[in-house]
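User: Hi, can you walk me through this structure? I'd like to start with salt bridges and then move on to helix packing.

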Amino acid sequence: MQGHTQSISFDGREIRLITGRFAPQAGGSVMVECGDTAVLVTATRSGGREGIDFLPLICDYEERLYAAGRIPGSFMRRESRPPERATLIARLIDRPMRPLFPSWMRDDLQIVATCMSLDERVPPDVLAVTGASLATLLAKIPFHGPMAAVRVGLLGDDFVLNPSYREIERSELDLVVAGTPEGVIMVEAGANQLPEQDVIEAIDFGYEAVCELIKAQQALLKELGIEQVIPEPQTADDTLPKFLEKECSKGIGEVLKQFSLTKPERDEQLDAIKAQAAEKIEALKDDDAIKVAVSSKVLGNTYKALTKKLMRDQIVKDGKRVDGRNLDEVRPISAAAGVLPKRVHGSGLFQRGLTQVLSCATLGTPSDAQEMDDLNPSNEKTYLHHYNFPPYSTGETKPMRSPGRREIGHGALAERALIPVLPSKESFPYVLRVVSECLSSNGSTSMGSVCGSTLALMDAGVPLKAPVSGAAMGLIKEGKEVRILTDIQGIEDFLGDMDFKVAGTEKGITALQMDMKITGLEVKTVAEAINQARPARLHILEKMLEAIEKPREVLSPHAPRLLSFRIDPELIGTVIGPGGRTIKGITERTNTKIDIEDGGIVTIASHDGAAAEEAQRIIEGLTRRVSEGEVFSGAVTRVIPIGAFVEILPGKEGMIHISQLSEARVEKVEDVVRVGDHVTVRVREIDNRGRINLTLRGVPQAEEPAAAAAVSVVE
């Protein structure tokens, strides 16, 4: 069970590819190791299915918490439903792999990547993507590979390959680039408002590293004596394509040139042409000269291929799209903020063409943060973006299910686009959640969600550093002819070669996501798409700012009010009190919600600003260090036979011993003070247990207090 190990020196690190040792019954398997991170990736192929018209590919990413020496926190204490980050990594594997399989393949394919050991210096996701390529090659599955992926960070002025988790947190850029020998096939990025040129240089830098990993895979295959299975185009009966081309081309072309048609009208007319063709085929079934016998599914796929060809020819040759726009033209835009009652803390409605998204923002308290039970060292999220795609958004009917991979992926992209412009936790301590409801879909609802989210957050009064907009770019590639499309609609996404989403501010890019349907694209073409997206983003941003120019200065009356301040971490126990009695007393007295972090940051939430301020005064009083000799004015809170307690600061008491009540002898404490009396006292001493001893002796009662009295805490 020794297997074969190949080491690759990669940017000062060693990547180890171990084959022939693990998972012997899988079609192909490889353990990819770097540092102490180890990811087992397998690729398996089983017999094809009849009657399907798609590639049944499943890409799974599995996390095992033993990889980080942890036991799951769930009730069952075992891994169950994949956490959100695992789903996103599964998508990261799927997106560059799917277009590399031949279009005719109908075999069941499954790629499973399992993180079995985690080194916090080496994130496993890009290793899993590269491992998916090698496992597929080892399984001898027809594949337009090899493919590899790397992560690029930006620390200072230097690009860093495959940065650690801590370096990613400090980086101005988190970019994943996947590529093949033919070019870039996938880009995923979050950036801190970086200029377009910096992002382009990072992609170029990353692709150079990708090429090294591709060569390493090729060398390993040669060393193992494995010959790559190159997909060969299958010969198909061209009777039906020729028949449809003859019967339908003219009608389809006329529909595609009717630029005033809406999407439903265009779909209706194209369906009518297909129905007429089906009737003619039905009449020709017994004609021995043509012999056209075809299922409705085959007819639909062949008709779609013809429509795709004619639409692409129109764009390449005439420079006109199906709605009459120029290649770099954005659809009509409308935007509105505050479209829902203020029970919703913030709302924004964004529409571009027939794509419409309603985003709703909610302001929560620190305890609303999402705890993440996964392998990522970052275990808490304070900004959440959730994306919903109901069937009515495309005029369809189907069961409503829990969010799928697409919904999770689109939500994560919009979330990533907004994170760089959110205010700091210290200046705006709210936990933020935005939900984007896709009400109508005709291309790029994810970028519509970015725009709607900006409107909703500004309407909620969140002081964004800058507003963010987004646009989806498309591409048509016919031979050497390449056309880049701005703001693609549904049919252009469906029949085109690229879906490239670009989000950012006026200053620069905050998020990228590029997916291809071809086997690679030159970096210079990717750069053209990024640069062409900028004027579109700025145009969209201008329309958004007409709806709301800046964040609201006043929060919704139904949003919680938060106060945030810092105390000495050593005094957290003082605020909490024995068994939590002190903090419970403060919350009951002021009707507030109080959260205290380990670092000493206290956040108070209340719908009543005065109550929140009172709670802050109490906590500050509890945590203020008192010195001997200080003078305070306070109320007597308790009387016992040997003395009286005075609240000298909110929540902080000291005791006046009966001997310190007067210069003369006092027989009974009540002879001098009673509960509720206000007195001026001096701190006589603080004993070794931290107890404050006070005195009235020698303290003029008319003396100006050094600190204001406060309401006592009821426990």
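User: What do the side chains of Arg312 and Asp497 meet in?
Analyst: They meet in a salt bridge, at 2.7 Å from N to O. Keep in mind that this is a predicted model.

User: Where do Arg312 and Asp497 lie?
Analyst: Arg312 lies in helix H7. Asp497 is in the loop between helix H10 and strand S20.

User: Is Arg312 buried or exposed?
Analyst: Arg312 is buried, because its relative accessible area is 5% and the cut-off for buried is under 20%. Asp497 is buried too, at 4%.

User: How many salt bridges are there in the whole structure?
Analyst: A search finds 43. One of them joins Glu663 and Arg697, with the closest N and O atoms 3.6 Å apart. Glu663 is exposed, at 57% relative accessible area. Arg697 is partly exposed, at 33%.

User: Which residues are linked in a network of salt bridges?
Analyst: Arg95, Asp125, Arg151, Asp174, Glu188, Arg416 and Asp515. Within it, Asp125 and Arg151 form a salt bridge of 2.7 Å, N to O. Asp125 is in helix H2 and Arg151 in strand S7.

User: New topic. At what angle do helix H1 and helix H2 pack?
Analyst: At about 45 degrees, with their axes 9 Å apart. H1 and H2 are therefore oblique to each other. Their crossing is right-handed.

User: Which residues of H1 and H2 make the contact?
Analyst: Among them are Ile89, Leu92 and Ile93 of H1, and Asp125, Ala128 and Val129 of H2. The contact residues divide into eight nonpolar, two polar and one charged.

Terms used:
Residues are numbered from 1 along each chain as its sequence is written. This is a predicted model: local features need pLDDT of at least 70, side-chain atom pairs count only at pLDDT 80 or more; totals for chains, interfaces and linings use all residues. Side-chain values use heavy atoms; hydrogens and water are left out. Axes are lines fitted to C-alpha atoms, for helices over the stretch in contact, and angles run from 0 to 180 degrees between N-to-C directions. Helices (H or I, at least four residues) and strands (E, at least two) are DSSP runs, numbered from the N terminus. Angles under 35 degrees count as roughly parallel, over 145 as roughly antiparallel, 65 to 115 as roughly perpendicular and the rest as oblique. A crossing is left-handed if the near helix is turned anticlockwise from the far one by less than a right angle, and right-handed if clockwise. Contact means heavy atoms within 4.5 Å. Ala, Val, Leu, Ile, Met, Phe, Trp, Tyr, Cys and Pro count as nonpolar, Asp, Glu, Lys and Arg as charged, and the others, Gly among them, as polar. A salt bridge is a side-chain nitrogen of Lys or Arg within 4 Å of a carboxyl oxygen of Asp or Glu. Buried means under 20% relative accessible area, exposed over 50%, partly exposed in between (1.4 Å probe, protein chains only).
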